[in-house]
Amino acid sequence: MPWKGGSTVRQSPDTPRRRRPARLLAGLAAAIGLALAPVLAPAASASTVAAGSSALTASATATAQAAVAPSTTGGTLGPNVYVFNPSMSQSSIQSTLDAIAAQQVPNQFGTQRYALLFEPGSYGSTADPLVFQVGYYTEVAGLGRNPSDTVITGQVDTFNQCTNGDQTQCYALENFWRSVSNLTINAAGGSGCTANTEFWAVSQAAPMRRVAVNGNVTLMDYCDGSPDWASGGFIADSSFAGGTVVNGSQQQYITRNSSLDGWSNGVWNQVFCGDPGAPAQSFASNSGDSGGPAPYTTLATCPKTQEEPYLYSDSSGNLNVFVPTVQTSSSGPSWANGSTPGYSLPLRSFFIVQPSTTVTQINVALALGRNLLFTPGVYSIPRTIHILRPDTKVVGLGFPTLIPQNGNVTMDALGVPGINISGMIFDAGPVESPALLDLRGFPGFDSKTDPTSVDDVFFRVGGAEAGSAKTSFIDDASGSILDDVWAWRADHGAGAGSWTSDTGDTGVVVGGDDVTAYGLAVEHYQKYETVWTGQRGTVVFFQNENPYEVPNQAAWMASPTQDGYPAFYVSKNVTSFQGYGMGSYSYFNQGVAIENSTAFEAPSSPGVQFHDLLTVFLNGSGGIQSVINGTGAAVSSTFGGPSDVVSYP
């Protein structure tokens, strides 16, 4: 029977198509060389961790009650885009940054969105560093052609949030939806514990891209109290010199095509792909256990990559979007030996979309061959946005958020190659949609040289507003690249906490052949969370949590004889697949012993291979009975894990 929007309903995941998280923290002081008390704490779900405000800098605290003045520098990009240049006084730049941080640091489900763009040049100095925080829905980016063109001497920080100001309840678990990119940070400033260190204590949907950090950098905020949990992140195309990267409490992390000057430790699942200086492969059957080897999955090169398009200002002061070219077997930053290879598109080739723009205007612009640049804001989408032409670029600034209103698919691409969609949030709307983003297949072109890519694109079912979507993201585009995708059925916020509200069967369905995914996270969906039916797929890093609020076992059965649903399901039709560094966790919080028979399910085929899999029991009841296809020890309240499987079959 047909779905709304014309797609075909799948009766089975094998039908082909052509948190917040609870956490467990092991003792880390010896591993990372910090003055921290060793901790072995019980898991705590983020639904029990209120998103309180962390301590702001003194100047930010002073402006916490001040309204953020609309930008006068964004030009056609609108009042929520702030463009700074080196001729501005540092005090005025600092004041603007602090006012935005004061508003956005605690603003998890607000509607405000910002892009903070720095023209090429230098900001701050050792004597007078520029230090500021990055809150929710805030993009910080340099406007140079390369990261070295824009230099900040100071800190661009994200710290823990402490529940109701309690210094014993400080977390980075919910530090989502923010980014920093395309600049150099010379770590300086701060005081005491935070002195001369770049703090980027974030979790999902908070990418760091094209950033050079000179000096100390930590992915964990260890300064304000405890337990300092953090639940994973994404770094790509970056360089770190002059200090070891402190992973600390980050339970899982992916670092891709980045140059490292040391990495401190791992907790459950750390993946490195094409990273000179990365630690050696060491994932083992006892990784994550006390005294066990670090859970490092290390690939010398990445099979196929294409860096995210980015905005930059040329020598004449004109804005352009640079589109990097596809790389194969890549290692290190794309700009390590000079400028990133690729081509430029002038801003005039983009239709600038504001929240007041209608879908009709958007679709007419697309039909006429324009690219799209969404400015910061929240967008109501009553009808589907249709991408019709090859090589269309859809770029989001400041986390634009699109919400369907009438059960429609929010955006689709109708069988054309070379599409790029980046820097956006797709929320479910008040009427159930069959999908939020649907990329159709496009036979008959060379996907190796002109792939579709999806970069820093995030999906939410609930949280900010109640909503439902059958599937969040469908990718039938063969040869496509998924680079930092998080599909999240909310465990807290609007509509969350009920099995019958904010409904969503599946987060991601991949039907295209030769699809490569880096940093894929899919959490809390109600049936098969990730379904992969395409041939020759590759996944480098996967993170999952089972749904929390399953009311009883009968409500969550893949078949009459199979308890639960796998987090990652590879179709029986698939004969070739590679997966690296993939984890799934359970936290069933209804006081009912819910069981999931297997976290990963795949055909028993020599061409379908998994490397470095794990499961963890976070808290609650029940657990996961096996890692993959009955292999791997069960995790439960009696053995929390991790349960590691080094290779399968």
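Visitor: How many bridges join strand β5 to β9?
Guide: There are four bridges between β5, residues 138–142, and β9, and the two strands run parallel. Please note that this is a predicted model.

Visitor: Which residue in β9 is the bridge partner of A141?
Guide: A141 is partnered by S181.

Visitor: And strand β6, in which sense does it pair with β9, parallel or antiparallel?
Guide: The pairing of β6, residues 150–157, with β9 is parallel, and it extends over four bridges. Within it, I152 stands opposite I185 of β9.

Visitor: What about β11 and β9, how many bridges join them?
Guide: Six bridges connect β9 with β11, which spans residues 208–214, and these strands also run parallel.

Visitor: Why is β9 largely enclosed by the rest of the structure?
Guide: Strand β9 covers residues 178–187, and nine of its ten residues are buried, so the rest of the structure largely encloses it. Buried here means under 20% relative accessible area.

Visitor: Changing topic: what is the strand order in the open sheet of three strands?
Guide: The order is β20-β21-β23, and the pairing is antiparallel. The edge strands are β20, residues 310–313, and β23, residues 342–346, each of which pairs on one side only.

Visitor: By how many degrees are neighbouring strands of this sheet turned against each other on average?
Guide: The average is 40°, with direction ignored.

Visitor: How many bridges are there between β20 and β21?
Guide: Four bridges, in the antiparallel sense, pair β20 with β21, the latter being residues 319–324. L311 has V321 in β21 as its bridge partner.

Visitor: One more residue, then. Where is M88?
Guide: M88 lies in the loop between β1, residues 81–84, and α3, residues 90–104.

Visitor: Why does M88 count as partly exposed?
Guide: Its relative accessibility is 26%, so M88 falls into the partly exposed class, which lies between the 20% limit for buried and the 50% limit for exposed.

Visitor: Which residues does M88 touch, leaving aside those up to four places away in sequence?
Guide: With those set aside, M88 touches T73, V83 and I93.

Visitor: And what separation is there between the C-alpha atoms of M88 and Y123?
Guide: The C-alpha atoms are 9.6 Å apart, while M88 and Y123 are 35 residues apart along the chain.

How values were computed: Residues numbered from 1 in each chain as written. Predicted model: local features only at pLDDT ≥ 70, side-chain atom pairs only at ≥ 80, totals over all residues. Heavy atoms only, no water. Buried < 20%, exposed > 50% of the residue type's maximum accessible area, 1.4 Å probe, protein only. Pairing = 2+ DSSP bridges. Axes fitted to C-alpha atoms, helices over the stretch in contact; angles between N-to-C directions. Contact = heavy atoms within 4.5 Å.
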